Amino acid sequence: MEPNNKRRGGLNFFLTKEEINQFNNQGYLVLKNVLTEEEMLTIDPVFDHFISGKEQKKMKKDFCDMSQPYGTPFEKFQLVNAMLPGKYMPSFKENIFFKIAKNISKKLYSSGIPEMDYEQFLAKKPSKKEAEFSMHQDLGYWPKTKNTWTATFSLALSDAEIINGCLHVIPGSNNEKKLREHKPKSYSETEKESNEKRDDSHTLVIESNPNDKLVYLPVKRGDITIHDERIVHGSGGNNSDKWRKTYIIAFRDSETIKKEREIGFTHSHNDQVDWEKIISI
Ligand SMILES: O=C(O)CCC(=O)C(=O)O
């Protein structure tokens, strides 16, 4: 296939009314051919630098495997996670994906000011069937704020399909009145009986509902998915011999971000947040 070399609307990506409605009603959107191949080549080296563990010492818990507990040695990683790359490499902050995603976020959120809240690199190593991202709603991870508006962008650096663990969502679950219950992920039967703490692994899990209808979102390199803060989603393991790589940026309301920062919440896994005390801010 020919690499992508153009984008609709240039830097100011064009969105149709139907796309905006789908994001608002169904809680997700897939956009094809968002970054050109030339632009993708500017992201690859930074992504690979982080995912290869070069900044691990500096990043502490921000470099981890989100399918396993903290402290898992790098050689055993399956789902490699690098939080806040722009914090650790400031020259990367205003990259092309950030600029395009910011423009799209303004079109999705016309009633407030969207700002970047956090970013994250995720990579599933080849042939790691346990490299799953447990089902969750993003809001389940965050302090409860009055305004929860969020658009989380995920740029495919590699093609992603069911076989290498592409994103899957439950369309419309964003409209459920109550957030589902999130519990820290258990790694063994013994742990299930003990009182696992969020500090042990960061990863939270929800029980699925018998009526849940999963929709897979396969994407090609340069495509993006966007999801909101309430949609139930996750991704499966990597049963292929190729990596799945994705770059995530979340935009939230500027006032919400201010509130998060006031309690020391920056989406870093090194944040010292007392989750027992924080209910809403
Ligand atoms: O892309 C994935 O595998 C999961 C990412 C995710 O859960 C998120 O961005 O909220």
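Start by selecting Pro 85, which lies in helix α4, residues 85-88. Keep in mind throughout that the model is predicted.

Colour Pro 85 by accessibility: its relative accessibility is 0%. Because buried means under 20% relative accessible area, Pro 85 counts as buried.

Next, show what Pro 85 touches beyond its neighbours within four places in sequence. The residues in contact with Pro 85 are Phe 50, Phe 92, Glu 119, Gln 120 and Phe 121. For a distance across the model, pick the C-alpha atoms of Pro 85 and Leu 29: these are 24 Å apart, with the two residues 56 positions from each other along the chain.

Now move to the ligand and display its surroundings. Around the ligand are Leu 122, Phe 133, His 136, Asp 138, Leu 167, His 227, His 233, Ser 235, Arg 244 and Ile 248.

Select three of these side chains in turn and draw the distance from each to an oxygen atom of the ligand.

- Arg 244: a side-chain N or O atom is 2.7 Å from a ligand oxygen.
- His 233: the corresponding distance, again from an N or O atom in the side chain, is 2.9 Å.
- His 136: a polar side-chain atom lies 3.2 Å from an oxygen of the ligand.

How much of the ligand's area does the protein bury? The ligand taken alone exposes 290 Å², and the protein buries 97% of that.

Key: Residues are numbered from 1 along each chain as its sequence is written. This is a predicted model: local features need pLDDT of at least 70, side-chain atom pairs count only at pLDDT 80 or more; totals for chains, interfaces and linings use all residues. Side-chain values use heavy atoms; hydrogens and water are left out. Helices (H or I, at least four residues) and strands (E, at least two) are DSSP runs, numbered from the N terminus. Buried means under 20% relative accessible area, exposed over 50%, partly exposed in between (1.4 Å probe, protein chains only). Contact means heavy atoms within 4.5 Å. A residue is near a molecule or strand if one of its heavy atoms lies within 4 Å of it. A polar contact is a pair of N or O atoms within 3.5 Å; within protein, one must be able to donate a hydrogen and the other to accept it, and residues adjacent in sequence count only if both atoms are side-chain atoms. Accessible areas come from the Shrake-Rupley method with a 1.4 Å probe; for residues, only the protein chains shown count as cover.
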